[in-house]
Amino acid sequence: MKSHVKVAVIGGGVVGCSVLYHLAKMGWTDIALIERSELTSGSTWHAAGGFHTLNADTNMAALQGYTINLYKELEELSGQSCGLHHVGGVTLAGSPDRMDYLKAERAKHRYMGLDTHLVGPEEIKQLSAITNVDGIIGGLYDPLDGHLDPSGTTHAYAQCARKLGAEIYLRNPVLELNHQPDGSWEVVTKDGTIHAEHVVNAGGLWARELGEMVGIFLPLHPMEHQYMITEEIPEIASSEKEHPHVVDPEGESYLRQEGKGICIGFYEQDCDPWAVKGTPLDFGHELLPNQLDRISDSMEFAFKRFPILETAGIKNVINGPFTFAPDGNPLVGPVPGLKNYWSACAVMAGFSQGGGVGLILAEWMIEGEPSRDVFAMDVARYGDYSSRAYARKKVTENYQRRFSISYPNEELPAARPFKTTPAYNIWKSQRAVFGQAYGMEAVNYFAPEGEPLLETPSFRRSNAFEPVAAECRAVREAVGITEIHNFGKYKITGPDAADWLDTIMAGRIPKVGRLTLSPMLSPKGKLIGDFTIARLAEEEFQLTASYGAQAYHLRWFWQNQPESGVEIENVSLERIGFQIAGPNARDLLAKTTGEDVSSEAFPFMAVKQMEVGLSDAIVQRVTYTGDLGFEIYVPANDQTSLYETLSAVGEEFGLKPFGMRAMMSLRLEKSFGSWMREYKPDYTPEETGLDRFVAYNKPADFIGKAAVAKEKAEGPKRRLCTFIVDATDADVWSDEPIWKDGKVVGFVTSGGYAHYVEKSVALGLVPPEMIEEGGQFEIEILGDMRPATMVLEPLLDPQATRMRG
């Protein structure tokens, strides 16, 4: 065993072996995998081995496609069979909503280049003669679906890695992980100590324990999962070709051929989190006791959908644990706050995603950033708010919803409310309908009396449509109030704070008392942040950005923080308050403070520290609504008092509360982009219009400067544009293909209904040569081609006189 390696990958399942292979393939060969027992001895060995491309996140779907296409390469390089069965698969739809979901997924696949297509009941019957199509409306067929041999595939990854120079140490449990002052790691194992520059936690069922060794909690939990294999079935044995996969979401089941019989598994409602107190160190080669009573309802449904199962004999029942994150996606990337400690765990669909996880992590470690936006599986999408109980409840919910329809407007109920602000009960008393982000409750909209306190999940316009319209009118015609706790807020201080910000931000650093808007870029010029910078003093700044990106942004700050001269403090929960917006906003603020807040004394993009009511506040003259507005930040303990002040004075000005649904509608009227919609690591400033906030000529050599300068000189291959859509009862959400002259030319980033101007709006990316006022396009919404007209100016107040006035 080596005494020093560049990377120690801990865990010998399919994910650990994939990471090892991809690191070696990209040139890092002084690496080793350390496995406590034998390869595949955790969840991998008892997996059903299915693979598919269907995923609600387009980048995840693309990485799943990469994984599936990789298997032929592994077989050729290793000489080891992966036991591939490319049989195709169909997902059934037994309701109009399910069919809407499949239509939306099929539309995404068009611009992704995935060859899926919608099928009707007759075609389904031709694909799967054993399926009873009674009650089935249609389905989505994917020719890439299939299954493989889990053990053979894992050993193929391992063989390929070994051939490139990587080493694998088996039957060698890791006992300690000790962080060294230079950021490297001392990996203490049964057979000795290895000094590693980097450590990768690919521990699978033991990932939690590997996290605890270094003082962190990774939000994941193992769940018991059962599937069964039948005896020989004559209809299967006599078929000339292998039976395709069939996913029956209504029955919570997946089915494929196994030998001359059938393998069928279930994601049942009556499910059990496993190993709540921790995974036993000696577990790994055994299965859990069968619990067929838990899946009795699902089996009964399966007998109706696949009648031949009712008389089939059962050969084996497999009940084994798999790890899940709260949203079902993996936890991948550098762990915030721990230098050179990487996560590659919670990969519950290892044979669909393992190759993509290995590729992304290798890119990240070697090149400094992944080649695409992977926030959907970034370990930093969860922060330290995630407790063990929270993770366990959300993982259970996700398991139960494995085959549920994912609605774009749905707010899931488990482990809520968890984090709240002092204003929570104020809003609750006013019939707020809440959503949540990063564990924090936030108002989506306010339900009228007599209406349910729940937004109907739908791909179409919901019961929130009219209440949200009323909130939008209140903002545009009088004044609205909403919380600003859903911004991440960071206090940056120190003698070198301004110089540091000038390097980490692409935009200009403001003078004292002023604000600027600035993108934050990766070295390759990709968008990794969209910030408002407020300069409160020569050596004090407040940064605001997306609340849900706190760990993501802090990780980047910490990675680039100098040893001295700059202090970084996350004040997201300490500084909260309210935003007031609308034509009466200035009059309202003026009556609550002794400060002069006229446009001359307090112009657009200014910041002041002043008394508002009883509180010392930081007030920013900016608003995301695109109207006249102010953001008022106070200490968290003062929030209720601030509300009482604003509410009492606001009566004469028509003050009304509004939520995030209204906010997201109002921003469409100004063509304002949104983080993780228009602005994310897949895109650049030139593509999205944020180039107007990039200070290309400032002296500071800011991160990403060379890359964006190059793109500015060459020009982008796509640009963000606004469209008015001739919609019916369904507006765009995201990822719908944009068509012109019968070809897909781009895709939607986000959109919805802009209530005040009464237009259905889409924002999307298309080639620059197609950009023209009045340009005619089509956008595919739930399988329906809707006419769309390009507009080059905001739909409301194109000169921004309201916002700047």
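# A Guided Reading of a Predicted Structure

Pro-417 is found in the loop between helix H10 (388-400) and helix H11. Most peptide bonds are trans, and most residues other than glycine have a negative phi.

Asn-340, although it is not a glycine, has a positive phi of about 65°. Its place is the loop between strand S17 (331-334) and strand S18 (341-345). Leu-782 is likewise a residue other than glycine with a positive phi, here near 50°. Leu-782 belongs to the loop between strand S36 (776-781) and strand S37. Leu-782 has a relative accessible area of 11%, and it therefore counts as buried.

Strand S37 (residues 784-791) also contains Met-790. Is Met-790 buried or exposed? Its relative accessibility is 0%, so Met-790 is classed as buried. Setting aside residues up to four places away in sequence, Met-790 touches a series of residues that includes Cys-721, Thr-722, Phe-723, Val-766 and Phe-777. Also among its contacts are Met-770, Ile-771, Glu-772, Glu-773, Gly-774 and Gly-775.

His-198 shows another arrangement of sequence and space. This residue lies in strand S11 (residues 192-201) and is buried, with a relative accessible area of 11%. His-198 and Lys-6 are 192 residues apart in sequence, yet their C-alpha atoms are 6.2 Å apart in space. Lys-6 is one of the residues in contact with His-198 when neighbours within four places in sequence are left aside; the others are Val-7, Ala-8, Trp-28, Asn-340, Trp-342 and Met-365. Asn-340, in this list of contacts, is the residue described above for its positive phi.

The discussion now turns to helix H1, which contains Gly-16. Gly-16 is buried, because its relative accessibility is 0%. Apart from residues up to four places away in sequence, Gly-16 touches Val-9, Gly-11, Leu-33 and Ala-202. Between the C-alpha atoms of Gly-16 and Ala-158 the separation is 9.1 Å, while the two residues are 142 residues apart along the chain.

How does helix H1 pack with helix H2? The axes of H1 (residues 14-25) and H2 (residues 58-78) are 13 Å apart and meet at an angle of about 75°. Angles of 65 to 115 degrees count as roughly perpendicular, so H1 is roughly perpendicular to H2. From H1, the contact involves Tyr-21, His-22 and Lys-25; from H2, it involves Tyr-66, Leu-70, Glu-73, Leu-74 and Leu-77. By class, five of these residues are nonpolar, one is polar and two are charged.

Aromatic rings provide a further way to read the model. The count of aromatic pairs comes to 32. In one of them, the rings of Tyr-101 and Phe-459 have centres 6.3 Å apart and planes at 35°, so the pair is tilted. This pair links distant parts of the chain, 358 residues apart: Tyr-101 is in helix H3 (residues 96-112), and Phe-459 is in the loop between strand S20 (440-446) and helix H12 (465-477). Tyr-101 is buried at a relative accessible area of 10%, and Phe-459 is buried at 7%.

What is the arrangement of the rings of Trp-427 and Tyr-643? Their centres are 5.5 Å apart and their planes stand at 80°, so this pair is edge-to-face. Here too the pair links distant parts of the chain, with Trp-427 in helix H11 (residues 424-429) and Tyr-643 in helix H16 (residues 639-650), 216 residues apart. Trp-427 is buried, with a relative accessible area of 2%, and Tyr-643 is buried at 10% relative accessibility.

Aromatic residues also form a cluster, made up of Tyr-254, Tyr-267, Phe-324, Tyr-399 and Phe-403. Finally, Arg-621 lies over the face of Phe-630, at 5.4 Å from the ring centre. Lys-712 lies over the face of Tyr-696, at 4.7 Å from the ring centre.

Definitions and conventions
Residues numbered from 1 in each chain as written. Predicted model: local features only at pLDDT ≥ 70, side-chain atom pairs only at ≥ 80, totals over all residues. Heavy atoms only, no water. Phe/Tyr/Trp six-rings, centres within 6.5 Å; stacked < 30°, edge-to-face > 60°. Helix = DSSP H or I, 4+ residues; strand = E, 2+ residues; numbered from the N terminus. Buried < 20%, exposed > 50% of the residue type's maximum accessible area, 1.4 Å probe, protein only. Lys NZ or Arg CZ within 6 Å of the ring centre and 35° of its normal. Axes fitted to C-alpha atoms, helices over the stretch in contact; angles between N-to-C directions. Parallel < 35°, antiparallel > 145°, perpendicular 65-115°, else oblique. Contact = heavy atoms within 4.5 Å. Nonpolar A, V, L, I, M, F, W, Y, C, P; charged D, E, K, R; others polar.
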